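This report describes side-chain contacts in one protein model. The structure is shown first, and the contacts follow.

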Amino acid sequence: MLQAFSGLCSLANAYGDKVRHNRRVSCQSLTSVAMSAKAISEQTGKEFLYKHICTSAAVQNRFRYASVTAETDWSRLTQDHPWLLTERLVVKPDQLIKRRGKLGLVGINLDLQGVKEWLKTHLMKETTVGKAKGTLKNFLIEPFVPHTQEEEFYMCIYATREGDHVLFHHEGGVEVGDVDSKAERLMVAVGDKLSQDQVTQQLLTHVPEEKKEVLASFLVGIFNLYEDLYFTYLEINPLVVTRDGVYVLDMAAKIDATADFICKAKWGDVEFPPPFGREAYPEEAYIADLDAKSGASLKLTLLNPRGRIWTMVAGGGASVVYSDTICDLGGVGELANYGEYSGAPSEQQTYDYAKTILSLMTREKHVQGKVLIIGGSIANFTNVAATFKGIVRAIKDYQGPLKEHEVTIFVRRGGPNYQEGLRVMGEVGKTTGIPIHVFGTETHMTAIVGMALGHRPIPNQPPMDAHTANFLLNASNSAVTPATTRTASFSEPKSPNGVTPAKKCNAGLPAEAQASTGCSGAKATTLFSKRTKTIVWGMQTRAVQGMLDFDYVCSRDEPSVAAMVYPFTGDHKQKFYWGHKEILLPVFKNMADAMKKHPEVDVLISFASLRSAFDSTVETMQYPQIHTIAIIAEGIPEAQTRKLIKMADEKGVTIIGPATVGGIKPGCFKIGNTGGMLDNILASKLYRPGSVAYVSRSGGMSNELNNIISRTTDGVYEGVAIGGDRYPGSTFMDHVLRYQDTPGVKMIVVLGEIGGAEEYKICQGITEGRITKPVVCWCIGTCATMFASEVQFGHAGACANQASETAVAKNQALRDAGAYVPMSFDELGNVIRKVYEDLVANGTIIPAQEVPPPTVPMDYSWARELGLIRKPASFMTSICDERGQELIYAGMPITEVFKEEMGLGGVLGLLWFQRRLPRYACQFIEMCLMVTADHGPAVSGAHNTIVCARAGKDLISSLTSGLLTIGDRFGGALDAAAKQFSKAFDSGLMPMEFVNKMKKDGKLIMGIGHRVKSINNPDMRVQILKDFVKQHFPSSQLLDYALDVEKITTSKKPNLILNVDGLIGVSFVDLLRTCGGFTRDEADEFVEIGALNGIFVLGRSMGFIGHYLDQKRLKQGLYRHPWDDISYVLPEHMSM
């Protein structure tokens, strides 16, 4: 049979050599764990295919595969897969390895024993694939399929912005070569379907006639599967077609991990394998778990655990820039990790993240010591001081190991409350003795990398920028919007109202009318002006208030936010501040009402979640008045984003996002949290227009650009962060062309990144003369090509699928085209300054006179956060704190409460007495609760509860009715008995003297006497508790005293016994006084304030609830007391 083949070598290649066409040549992936396209194992891909493909083609060997690791039980494996014992087999590693056949990593045409022998030389062995070195751990065994070369085919589907490309070649296997140049292909546009006729006519032209129908059906089925299961890449090589049917020999695939909420039922639990050459460390899994449970973003990838350079960077874009700079300065071999935290993580989350980093970096010493770079761009909304608190806690916890390993820490950060964060970080350096160098926005973002690596000197502590408070507090009491604060840039054209009108159709016209005027599909050149009005989707009050403060400081006549839409409440008004005044903005339940009542709105800012963003955006585009939509949500599936892009292009709508912070037009309008808080708005001069427009992917890096541009030029004219997803709603070129056509823009800055080809369109625009204004551009991600294996970085779209998509190649192409390209991000500010100064020198830009901006009052909550004001708290509490990562009872975390098995008695001790009581005390409390839980339906409290329940009242009302009967006569004798007996005992009265005194005073002795029980018919509850106290309490003086009193009272009347209330009361006094946890004064105070009655209230509540449930269960009707049980006492003249 084997004579039919060209040899075992070619067969091995057919089975094991996934020939990636050049779209998969150098995929240095910068995707995050929860983001976008992620590679799946071959086994997972085939499982999806076999489960869900719908085709008339006979797909063979369905589910006939077996996975093998070092832990595999072969006897169990053969029981589960009996075909292993009878068929010839193929074995290959399943670890995202390319060219397995050429590397000798495929065992072919073996029996089971042969497979075992082959695995002895491969399983758990280290091998090198390209630059990556790793251990072979996971293998796949499948049936061997005899076939000829003529029966091998190649197919691939991959996604682009415009649609999905289907490639097919009539020759498959290792010799397929450059499929991009010779494969048949067709592009299925977004929203279109693939038909068998299309496949037959366009892809199968060189296929034998007898196989066309089978292949056409299979290719349509695989394309539908690709769409339904949200694949982004699917390659089969070879695809074998014999007389028996279709065989999928070798498969590689990626799925859109963000579609989990759509595909969970079909996917199940998908495990994404790490790229070959990089181990899956438990610490990475721990951080991934933290990330999954958090609304923030937490990422960690270990590159070299023995490295000396460690990073803890805030922001996806910034994390890439820091990695670039480290590699540019020669640190690639010592870079230990990649990581980023962003999205306003809590103090506890930041602490958990930081302690993981510190734990890893202090496991092995390095002869040169180690450095930790805590960096980041200028935050938009993250409270820097709050996140730094978590890092400071971790540093304090690890101060010993950090000093032992000679760790030096470099910090650079900006954003809300960053001054306080840097101060705290500097203080911890002084108190712990760890060298910590802190820098703020006055220092270039990546300058600390050069300091850490010894390439530039560490300056003396620079002067801190002015505190946030200095910017915001207003000395004036005027509530009137101040006059314009700065003349427009002399380079900016004047118009009657100072606004360049948007090139957009009239709001309010129906879509049909728009189409008839020829307006449909035309996008606006000017997105925002001083008169722009927006609707905000989502209850984002902080972001809206930030927009209104920006409007006010820009001297707008009225707020830019016209209304909000929030589907989860009814229509209402929401209070905000306009300068000093309070104003009300309408909140609508549905978008139709908002649009109808606000026809002047032409922008929508969507804070909808990733699950609802698609539907809400589709709805928004039904209203022709909208010409710009900003989508903030991160994690929208790529297939949905592409549909939105197509619809927006058809309707002439500009989409900013998804996965963006938005954009800003100084002096006019800002989207949501863009630009950060007011202190940064003012520091970066974003309240008035400059001459420089920029476009970036990263939101955090856009704020860094605001800072750089404000320090090196006359400021920003407009800036947009298009978002980090693979398919942003609008592209670099869209905005660069807008800037080119905007007279007020004199120079353009582009912050590109690895992945995609958009930057080449800018190159083309420059060389063809379409772009004539100076363009300063830098593409981040230059470090990616230096890593041996794929690294999961910050943005979903940052993945170089071919050499031309690398940051290095794009930077060179831009430089060759005539753009101004620095040698590194470190030099970006210098290049921007040089270009700007040249424009000033030749008269293109005439800087305008600077005028101080108006001031805005600071919010009370933020002023308190900064420590600028103080106010007495409305409440004080000392027993519980729910603000942290976990609930705390009297200083004890809830996890410790359960770990120590404290029980209900222990919890009551913490919450009532703020003490951790001895075990016997906790048991006594629980016994008291058990014996007081109920005493039948006849007692007043239970009776009231029952009557109330039968009257149809709810649980709370019925329970309250019963509890209100508790007092001195019913159940409330615990406190009174404790007070009477302890006062008598402490006064030195003999038991007989106490009894006689109470009789003389005409008072009852509380806790003495029972309606039913007597000395001859004892109450077993009393006996149980008394025995426990005698056995476990260190002393029972007051109980003994009460028992002596009982002897006297029962000698007069047998039912004058020490009842359960009395025994609990006096025993509790003994417990408080003798357990060692309280002073005498504290013990007496708890008795005085009524703590003991709480035992009866808590215990009896259980019984009352039981009676309520019992009556409801028994379906008891309204209670009416019988006449014959009532004695009617009437006036004599009315008596019968």
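## Salt bridges and aromatic pairs

Lys 1047 counts as exposed because its relative accessibility is 58%; exposed means over 50% relative accessible area, buried under 20%, and partly exposed in between, with a 1.4 Å probe and protein chains only. The model is a predicted one, in which local features need pLDDT of at least 70 and side-chain atom pairs count only at pLDDT 80 or more, while totals for chains, interfaces and linings use all residues. Residues are numbered from 1 along each chain as its sequence is written, and side-chain values use heavy atoms, with hydrogens and water left out.

Asp 1044, the salt-bridge partner of Lys 1047, counts as partly exposed at 34% relative accessibility. A salt bridge here is a side-chain nitrogen of Lys or Arg within 4 Å of a carboxyl oxygen of Asp or Glu. Asp 1044 and Lys 1047 are three residues apart in helix α37 (residues 1037-1052), so about one helical turn separates them. Helices (H or I, at least four residues) and strands (E, at least two) are DSSP runs, numbered from the N terminus.

The structure holds 51 salt bridges, including these:

| Salt bridge | Closest N and O atoms |
|---|---|
| Lys 46 and Glu 42 | 3.0 Å |
| Glu 42 and Arg 100 | 3.0 Å |
| Asp 1044 and Lys 1047 | 3.8 Å |

Lys 46 and Glu 42 both belong to helix α2 (residues 42-52), where they are four residues apart, about one turn of the helix. Both of these residues, Lys 46 and Glu 42, are buried. Arg 100 lies in the loop between β4 (89-93) and β5 (107-110) and Glu 42 in helix α2, so their pair ties together parts that are 58 residues apart in sequence. Arg 100 is buried, as is Glu 42.

The whole structure also contains 23 aromatic pairs. Rings of Phe, Tyr and Trp (its six-membered ring) pair if their centres lie within 6.5 Å; planes under 30 degrees apart count as stacked, over 60 as edge-to-face and the rest as tilted. Phe 223 and Tyr 226 form a stacked pair, 6.0 Å centre to centre with 20 degrees between the planes. Helix α7 (residues 209-228) holds both Phe 223 and Tyr 226, three residues apart, and both are buried. Phe 913 and Phe 1068 form a tilted pair, at 6.3 Å and 40 degrees.
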